[in-house]
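Visitor: Could you take me through a few local features of this model, with the cut-offs stated as we go?

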Amino acid sequence: MQILRREDYRRMPWKNGQGMTEEILISPADSDLEDFDYRLSIAHVGADGPFSTFPGVDRSIALLEGDGMVLSLPDGQSVTLKQDGHPLAFSGDWAVSSHNLGDETVDLNIMTRRGRFRHTMQRGNLEVPHRQVPTTKTLAIFNGDATVIANGQTISLRRFDTLVFSSGDPLDLTITVQCDLLTVTLDAEHLT
């Protein structure tokens, strides 16, 4: 298990330069926005506008803070993200734009390169079946301060800190206070 602290996240402008992001984790560690296998980040959205496109990448997004965000999708539909709502999965190839329902919003993003990794994102769930699973990593992102007992170790976490459980790690997690929790599972895709 690894603990990633928010104060250590790398801060940078968005790919399209229209916002700021906190990069939690990128793999490989020396990759950039054009060649990563997967990337987990927190985006700060201060104004309405287009999302960056990421061809060949699958994305999921969940709102962490703010009154809400409306995403306009290329098929003419719109989806509203709320703080207690489900994450939205979509293609990084899509031209997506957003509109904040109030002031700035903050959201969690996971991106995986097709053919290399796939992911799922869930809110408020960290259950792993009691059997061998091919999960490469399970990431638990805390949207609030929390004290947890992870594999017998008591850990104090601040808002937006992340726990990383790698393949083969025992996954025994108890949260001692009510907290908005998002989990991401990453699985390597087997190329044939």
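Predicted model: local features only at pLDDT ≥ 70, side-chain atom pairs only at ≥ 80, totals over all residues.

Guide: Residues are numbered from 1 along each chain as its sequence is written, and side-chain values use heavy atoms, with hydrogens and water left out.

Visitor: Which side chain of opposite charge is nearest to Asp 107?

Guide: Asp 107 lies in strand β11 (residues 105–113), a strand being a DSSP run of E of at least two residues, numbered from the N terminus. Its side chain makes a polar contact (N or O atoms within 3.5 Å, one able to donate a hydrogen and the other to accept it; residues adjacent in sequence count only if both atoms are side-chain atoms) with that of Asn 109, at 2.5 Å. With Lys and Arg counted as positive, Asp and Glu as negative, and His and the chain ends not counted, the nearest side chain of opposite charge is 6.3 Å away and belongs to Arg 59.

Visitor: How is the pair of Phe 51 and Phe 90 classed, stacked or tilted?

Guide: The whole structure holds four aromatic pairs, meaning rings of Phe, Tyr and Trp (its six-membered ring) with centres within 6.5 Å, stacked under 30 degrees, edge-to-face over 60 and tilted otherwise. The centres of Phe 51 and Phe 90 are 6.3 Å apart and their planes are at 55°, so the pair is tilted.

Visitor: Which residue of β18 is the bridge partner of Met 121?

Guide: Met 121 is among the buried residues on one face of strand β12 (residues 117–123). Strands β12 and β18 (residues 181–188) run antiparallel and are joined by seven bridges, where pairing requires at least two DSSP bridges. Within β18, the partner of Met 121 is Val 184.

Key:
Buried < 20%, exposed > 50% of the residue type's maximum accessible area, 1.4 Å probe, protein only. Helix = DSSP H or I, 4+ residues; strand = E, 2+ residues; numbered from the N terminus. Salt bridge = Lys/Arg side-chain N within 4 Å of Asp/Glu carboxyl O.
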